[in-house]
Amino acid sequence: MATFLIGLVVLFVGAAIYGKFCEKVFGPDDRETPAYSKQDGVDYVPMRGWKNSLINLLNIAGTGPIIGPIQGILFGPIAFITIPIGNVIGGAMHDYFSGMICLRDGGTQMPDMVRRYSNKGVFTVYNIFLSVLLLLVGAVFIYTPGDIAATQVFGFSGAVNDPTTWIIYGVIFVYYLIATVFPIDAIIGRIYPIFGAILLFSAVGVFIGLFVKGYPLLNLWDDWHGIAFDAWAVDAATGEQAAFSYASYFEKGHFLPIFFVTVACGILSGFHSTQTAIISRTMKSEKEGRNTFYNMMVLEGFIAMVWAAGAMGVYNLGLQEVNASLATGTIGVICKDILGPVGGIIALLGVIVLPITSGDTALRALRLSLSETLHIDQSTNGKRIRLALPIFILVIAILVWAKVNSNGFMILWRYFAWANQTLALFALMCIAVWMFENGKAKWAWMPMIPGGWYAFICVTYIANAHIGFNIPWTIAYIIGVACAVAYVVACCLYGKKRAAKKLSMNS
């Protein structure tokens, strides 16, 4: 338990210090925000600071900070340290600067930010990458809450041939369509406070339950061998119950890069930049940015820490099979064991709320990005529906394929997780270029440290993965290191070039 508590101290104390530093580097002021200067009653709508923060939290926190840590904790208690460090200097910094740059540039969406701070080639690749990722997010965040609701809340089978599965998917789908098309304050701004209350009950309830139930959590200095017992696994040779070893999993599982792709949303998520860009259009003041963007990502890190601890607890007690592919089942065990039948159901509703409130704004972000990139008028509900329909048809196709194919969801999730991290490289690059252009070159190391790290992680992963190029690990690591170095060098050279060009134009 001590390592878990140390991790929480690192998360919150580190966030207080580094978050203030990020704010100082950016320099928010009292200028008029796009919510007022471009107010249109649809996307540019002034909203209260607490509501913006809550909406942003619900937008960014899907099933990633739950399912990812439940899988990632199999690498051992090192997750309790890597999650908060990565969150403070990587994910929260990424979210803050992405949101604030979009806010200062007039409430632009991420494609416009990438177009402004990169070149045509990078912008084209980003747009394709973004569209694919947001479609995957829409499909994943119908699939996972739908299945959790079917199997853990209503007690249905969740099978592809069970009509109730598709009815639940359909209800989520209809909500997504409404939230994607209608004004942000009419739907999202009104219903999200309710969702937020359920979310907080879920996260805080599980956190308190860890101590009340006395869940056994390992420390970094403990013996990682043979600690957690899998109540279902039997040793083939002896016929006895097999012990799960965190140490063995760590040694054989390629912690780098697998852990950092698996535990995506609690540490760093490229998807978040598309969501902070939406909220940049509803903020009344730049000075709300630290709480709205940076601190909400820190809260997502807290959610990730709580679920990682809950998973380790039920694994160590033998209450759940130690198997990364059974993450949704682990969620139900944690909720019901800690909070009882009624509280467990409410907590499960909080878990269901997370992906639903991310999926709706993912598709909204895709509609906004396409409309602005292709210059499609979105002034009426009818015009917004016409653009949204082909998006939803593609989401349905992906969802049906993933459900019908026996291994479809695992393939979908792996592409989603990798694409999510890779997308962050574009935002981190643009943040670095923005710093060079705006006389903050001495702080460019802030985005380039996580940028270089994740260039290594993402390239190494896809180079080795079966869903990628299937290259042996040694070669994949070499390629990853080379690409990471190239990424950092390219950011520096391009940033300096843009800064020099801007200086010459102003002189």
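Visitor: What is the relative accessibility of Asp-377?
Guide: Asp-377 is at 41%, so it counts as partly exposed (buried is under 20% relative accessible area, exposed over 50%, partly exposed in between, with a 1.4 Å probe and protein chains only). This is a predicted model, where local features need pLDDT of at least 70 and side-chain atom pairs pLDDT 80 or more, while totals for chains, interfaces and linings use all residues. Residues are numbered from 1 along each chain as its sequence is written, and side-chain values use heavy atoms, without hydrogens and water.

Visitor: Which residue does Asp-377 form a salt bridge with?
Guide: Lys-383, with the closest N and O atoms 2.5 Å apart. A salt bridge here is a side-chain nitrogen of Lys or Arg within 4 Å of a carboxyl oxygen of Asp or Glu. Lys-383 is partly exposed, at 29%.

Visitor: Which residues are joined into one network by shared partners?
Guide: Asp-29, Arg-31, Arg-104 and Glu-286.

Visitor: What is the N to O distance for Arg-31 and Glu-286?
Guide: 3.7 Å, in a salt bridge between their side chains. They are 255 residues apart, Arg-31 in the loop between H1 and H2, Glu-286 in the loop between H12 and H13. Helices are DSSP runs (H or I, at least four residues) and strands likewise (E, at least two), numbered from the N terminus.

Visitor: Is Glu-286 buried or exposed?
Guide: Buried, at 2% relative accessibility. Arg-31 is partly exposed, at 41%.

Visitor: Changing topic, how many salt bridges are there in the whole structure?
Guide: A search finds 14. Among them is Asp-337 with Lys-213, at 3.9 Å between the closest N and O atoms. Asp-337 lies in helix H14 and Lys-213 in the loop between H9 and E1, so the pair ties together parts 124 residues apart in sequence.
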